[in-house]
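Have the coordinates open as you read.

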Amino acid sequence: MKISNKMKNTTAIAHSNIALIKYWGKSNQKLNIPAVDSISITLKELSTKTTVRISENLEKDTLILNNRPAVEKQRLRISRFLDLIRHEKKFDFPLEIKSENNFPTAAGLASSASGFAALALAASKAAGLNLSSFELSELARKGSGSAARSIYGGFVHMHRGDEKSGMDAVADQLYDENYWDLRLLILVTSIKEKEIGSTEGMNLSAKTSPYYKNWIQSSIGDISEMKNAIVKKDFEKLGELSEFSCLKMHALAMSSNPGIIYWNENTIKIINKVRALRKSGLGVFFTIDAGPQVKVLCLPQDISKVKDEFKNIKGIKQTIHSAIGPSVYILGENT
Ligand code: PMV
């Protein structure tokens, strides 16, 4: 196959996302099909910038992650993902990938979501494929389940789908980033990479947790209630459902054997503080992915108060304030 983009750099930007209704568990490992639907918001402040160049001169794919050569395990994961594009476009040249996150990698801030969404767009474009959002979402999902959602900005619904092939296990946009202004205060309590990745964790839960079946069944109701809350812009309801889904997912992880605990003592301290603030009348809720970082949800009029409340808490290493972010896009193509 003739590739016209051989010496061109193609750069894409994708934003991370946080699930309000969580996904945990896969129905097909190989195709990376989630066992449950999920609903997320895309995060304006957390992004990955990825540049791809197709290169005849290399022997194998190279990956520079945050300005350093990636470890072999990461490089191989990316290389297997790129094989999907090479297979589709029928070429076998290696690719040079440079990827940079503006936030800590693999610490529960969904770097794989923005990472694979940016890579799906940059690499497919570099290879001369003009994929629709639907096709990009399916491709990104094969890299990481949550990446399928980072193709879109705003409020996003990821479907587990019905097809065995996974072709309908894709995300779609419920509303764009201008629909409803919500804010998140991301409180980083540790910058260490987590010990158990989400794939390993969810596979263990599926195999060993006595609660797994109920988790799958109960998520159907959570999705329809959350969609309703978003349609009505009912913040209380959205917050309650987010906390419920978050705690349910972590309880599932904890009920695996051996139990998985993603939190540290500061995670719990923040959870308690959010609930105390709520009791005192402030509209705040929390959600947490597979890591120790807490994301505090609030309305824009409360963000300065919320920031003040968490300003002097020991154990918070970094604070990021984010609004809702846009879809993945091409930043540029140059030689
Ligand atoms: O994207 P994955 O396959 O690594 O899974 C991420 C799962 C959670 O972030 C914990 C929840 C979610 O729905 O994003």
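A quick term to start: buried means under 20% relative accessible area, exposed means over 50%, and partly exposed is in between (1.4 Å probe, protein chains only). Helices (H or I, at least four residues) and strands (E, at least two) are DSSP runs, numbered from the N terminus. With that in hand, helix H3 (residues 133–143) has Leu136, Ser137, Glu138, Leu139, Ala140, Arg141 and Gly143 as its buried residues. They pack against strand E3 (33–34), helix H1 (72–89), helix H2 (111–126), strand E8 (155–158) and strand E9 (171–175), where contact means heavy atoms within 4.5 Å.

A word on the ground rules: this is a predicted model, so local features need pLDDT of at least 70 and side-chain atom pairs count only at pLDDT 80 or more, while totals for chains, interfaces and linings use all residues. Residues are numbered from 1 along each chain as its sequence is written, and side-chain values use heavy atoms, with hydrogens and water left out.

**The two domains**

The domain assignment (automatic or from a database) gives domain 1 (9–180) and domain 2 (183–322). The contact draws on 35 residues from domain 1 and 52 residues from domain 2. Their C-alpha centres are 23 Å apart. Between them, domain 1 and domain 2 bury about 3,500 Å², with 70% of it on carbon and sulfur atoms; buried area is the accessible area (1.4 Å probe) that two parts lose on being put together, summed over both. Which three residues supply more than any others of the area that domain 1 buries against domain 2? Those are Lys22, Trp24 and Trp180, with 26%.

Across this interface there is 1 salt bridge, meaning a side-chain nitrogen of Lys or Arg within 4 Å of a carboxyl oxygen of Asp or Glu. Lysine 22 also turns up in a salt bridge with aspartate 289, with the closest N and O atoms 2.8 Å apart.

Two strands pair if DSSP finds at least two bridges between them. E5 runs parallel to strand E7 (residues 95–101) over 4 bridges, with leucine 65 partnered by serine 99. On E6 (residues 68–69), 2 bridges join E5 in the antiparallel sense, and isoleucine 64 stands opposite proline 69. The hairpin of E5 and E6 has 2 residues between the strands, and asparagine 66 takes a positive phi near 50° there.

**Charged pairs**

The structure holds 13 salt bridges. Three of them are listed here.

| Pair | N to O distance |
|---|---|
| Arginine 86 and aspartate 61 | 2.7 Å |
| Arginine 278 and glutamate 243 | 2.6 Å |
| Lysine 273 and glutamate 309 | 3.1 Å |

Both arginine 86 and aspartate 61 are buried, and Asp61, Asp83 and Arg86 are linked in a network of salt bridges. In the second pair, glutamate 243 counts as buried because its relative accessibility is 3%, while arginine 278 is partly exposed at 26%. In the third, lysine 273 is partly exposed at 23%, and glutamate 309 is partly exposed too, at 24%.
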